[in-house]
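I opened my notebook to look up a few things in a protein structure. Here is what I wrote down along the way.

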Amino acid sequence: MKKPIFRKEDVQESVVRFSIKNKILMLAAGAALPFLILAVILLLSMTNYSRTYDQIVSSMTIANNYNLNFKEEVDESLYKLVVGYIAYEDIHEDETLKDPYLLIGDLRDDFTRLIAVTTEPESRVWLENLNRNIDTLEKRVDDVLENIRIGGRYDENIEKLDNNIYILTELIQENIQYYIYYQTRSMEEVNENLHRRIQSFIIICGVLAALLAAAVIAVTFFVTSGILRPIKVLYDATQKIAKGDFDAHAEVNSNDEIETLAHSFNDMAEKIQTLITKTKEDEQRMRWLDLRLLQEQINPHFLYNTLDTIVWLIEGNKEEEAVEMVVALSDFFRLVLSRGREFISLREERQHIRSYLEIQEVRYRDILDYEIRIDPSLYDYQILKLTLQPLVENALYHGIKYKRARGFIYITGKKEGENLYLEVCDNGVGMNRESLEHLQKEIERPCSETSRGFGLANVNERIHMRFGPDYGMKIWSEEGKGTRVELTIPAITRREEPEEG
């Protein structure tokens, strides 16, 4: 079955319609909302109760003040006015007495306000009786004060005090006491209502809590399943990836961040599969390039010519030079093979090109000079095997050999920053601009498509494949003056050497 392809554009276009955050917030809101409603209802009830209770307490406080003082103050003030203890015009100057009209007016004003705020029927009845008695009391006070103003009516005034004033103030006091009594009963009813509401609230909260707990458990299971299920799918897919099954992918349709993550995961898995395939192809290509280059280095003509030279030296009784050439040939092939290693030290590569040049120096004694100047501090850095030798070979066969005069090959190496810079220069025939540009293009092409400069293209392609496009080869040449080839590679030690595939 063909694996679905998840492109980067799909991941970017996926929209989180219902995020995990929103799911959790909705779960929390669903759990808290019923309790919040109950709390608001209870708060309103408590506020109403508190307002009613405060009003009753305030009314009772006013009524109690008059219940304690009104009768005594009115009776005393009128008695002293009747017996002539003080004149009405001077009553304001006596701190122990109060104006009866002022006391009656205050009583009427306060209890008129109480009628306006009192809702309990029995209390209103006694307040209305109280107001009627206040009106009657005021008329009797008018009669007494009128008799005092006329004069000579002491006995009549005493009789009015005993038979009218004292009785009315006592009735008013009795009215106030009944009002207080019924307000007290009203307060008890308010308390009972509050207790009933609290009990009902507790019962409702208990039932609602049980129902809500069941609902929350169900909703929590549903929401968490909606979160955990895609996570489990994603986890299973990662386990398959970890076991090397890069065809695995996660099918998630949760409309949240996990779906976006799953798309990203699928895209990543596809890219990993692509990279692994490409890496395997690159490794196979690298092995093919190494094999091709190795085959190039074990060139039958080079081997035949070298062996012929050895035979010629032996026949010429130059056994010592022949032995040196055999040793150089042995070193050359040992370093070419390098026990199958891809990386060797710069010291080994230097020995390799020295062995090669020692062999060629015997054959081209009249035209070849060379110098290898690489700082010994660079010897432990690692480079790809057969990196410099193809450049030296190219300098000899395409530069020095066609000069028809003595030529020179100069090999140098230096380190700047984190990179190594290796150069092979010759003073051979060089190239014109057109040939140079053509060669520069050829070395950037795959070796399988190269028509010229296979050895150089091979080295450049292997460097690109191993270290990336920032590293590689540059060539400068001028016709009749020679050629310079520079390699740029990262300065790595044995510990930093990339793992071989």
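This is a predicted model: local features need pLDDT of at least 70, side-chain atom pairs count only at pLDDT 80 or more; totals for chains, interfaces and linings use all residues.

**Entry 1: two helices**

I began with helix H10, residues 389-400, and helix H12, residues 454-467. How do I describe the way H10 and H12 run relative to each other? I looked up the crossing and found that their axes cross at roughly 155° and come within 9 Å. Angles over 145 degrees count as roughly antiparallel, so that is the word I noted for H10 and H12. I also wrote that the crossing of H10 past H12 is left-handed.

Next I looked up which residues meet there. On the H10 side I listed Pro390, Leu391 and Asn394, and these meet Gly455, Leu456 and Val459 of H12. I sorted the residues of this contact into four nonpolar and two polar, with no charged ones.

**Entry 2: a hairpin**

I moved on to strand S6, residues 472-478, and strand S7, residues 482-490. How many bridges join S6 to S7? I noted seven, and the two strands run antiparallel.

S6 and S7 make a hairpin, and I noted three residues between them. In the turn I marked glycine 480, which has a positive phi of about 85°.

**Entry 3: tyrosine 402**

I found tyrosine 402 in the loop between H10 and strand S4 (407-416). Is tyrosine 402 buried or exposed? Its relative accessible area is 55%, and the cut-off for exposed is over 50%, so I wrote down "exposed".

Leaving out residues up to four places away in sequence, I listed Tyr397 and Val429 as the residues that tyrosine 402 touches. I also looked up glycine 428: it is 26 residues from tyrosine 402 in sequence, and their C-alpha atoms are 7.4 Å apart.

**Entry 4: serine 345**

Serine 345 sits in strand S1, residues 343-345. I wrote "buried" for serine 345 because its relative accessibility is 6%. With residues up to four places away in sequence left out, serine 345 touches Tyr379, Tyr381 and Gln382.

**Entry 5: leucine 307**

My last stop was leucine 307 in helix H7, residues 300-315. I noted leucine 307 as partly exposed, at 40% relative accessible area. Methionine 325 is 18 residues from leucine 307 along the chain, and I put 9.2 Å between their C-alpha atoms.

Conventions:
Residues are numbered from 1 along each chain as its sequence is written. Side-chain values use heavy atoms; hydrogens and water are left out. Axes are lines fitted to C-alpha atoms, for helices over the stretch in contact, and angles run from 0 to 180 degrees between N-to-C directions. Helices (H or I, at least four residues) and strands (E, at least two) are DSSP runs, numbered from the N terminus. Angles under 35 degrees count as roughly parallel, over 145 as roughly antiparallel, 65 to 115 as roughly perpendicular and the rest as oblique. A crossing is left-handed if the near helix is turned anticlockwise from the far one by less than a right angle, and right-handed if clockwise. Contact means heavy atoms within 4.5 Å. Ala, Val, Leu, Ile, Met, Phe, Trp, Tyr, Cys and Pro count as nonpolar, Asp, Glu, Lys and Arg as charged, and the others, Gly among them, as polar. Two strands pair if DSSP finds at least two bridges between them. Buried means under 20% relative accessible area, exposed over 50%, partly exposed in between (1.4 Å probe, protein chains only).
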